Amino acid sequence: MAIFKYECPGCATLVPILNRVSEKQRRCPQCGNPIGIDDIDRQIAAAEGIRRKTAKKKRIAKSIAFAWLFFCTIFALWAISRMR
Ligand SMILES: [Zn+2]
């Protein structure tokens, strides 16, 4: 199972990385570009940042949905009370 897909800077091939430190030297199977652990770490950090931003957006969307539901409930209760 790949933990991460490394994007080769030379040819943009996605190279599945099975274990970050299992091999000393990796090369892109497409163009032979060496893949350094530093590069892997940088890409993992970038992917992590995107994931966190997405999670934050999801949280915001959830709270907006909740606020809207709350508003609708209050409005419905208000409308019902006006009907009597
Ligand atoms: Zn490549």
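Helices (H or I, at least four residues) and strands (E, at least two) are DSSP runs numbered from the N terminus. The number of buried residues in helix 1 is 0, so the helix lies largely in the open. A residue is counted as buried if 20 or more other C-beta atoms lie within 10 Å of its own, as exposed if 12 or fewer do, and as partly exposed in between, with C-beta atoms placed from the backbone.

The structure is a predicted model, in which local features need pLDDT of at least 70 and side-chain atom pairs count only at pLDDT 80 or more, whereas totals for chains, interfaces and linings use all residues. Residues are numbered from 1 along each chain as its sequence is written. The mean pLDDT of the chain (the predictor's confidence in each residue, from 0 to 100) is 88, and 92% of the residues reach 70 or more. Confidence is highest in helix 1, at 93, and lowest in strand 3 (residues 26-27), at a mean of 84.

The chain contains 4 strands and 1 helix, arranged along the sequence in the pattern β-β-β-β-α. Strand 1 (residues 4-7) and strand 2 (residues 14-17) run antiparallel and are joined by 4 bridges; two strands are taken to pair if DSSP finds at least two bridges between them. Within this pairing, Phe4 stands opposite Ile17, and Tyr6 stands opposite Val15. The two strands form a hairpin with 6 residues between them, and Ala12 in the turn has a positive phi of about 65°.

With regard to overall dimensions, the C-alpha atoms fill a box of roughly 75 × 20 × 20 Å along the principal axes. The radius of gyration of the chain is 24 Å, whereas a compact globule of 84 residues would have a value near 12 Å; the radius is taken over C-alpha atoms, and the globule rule is 2.2 Å times the number of residues to the power 0.38. Of the 84 residues, 2% count as buried.
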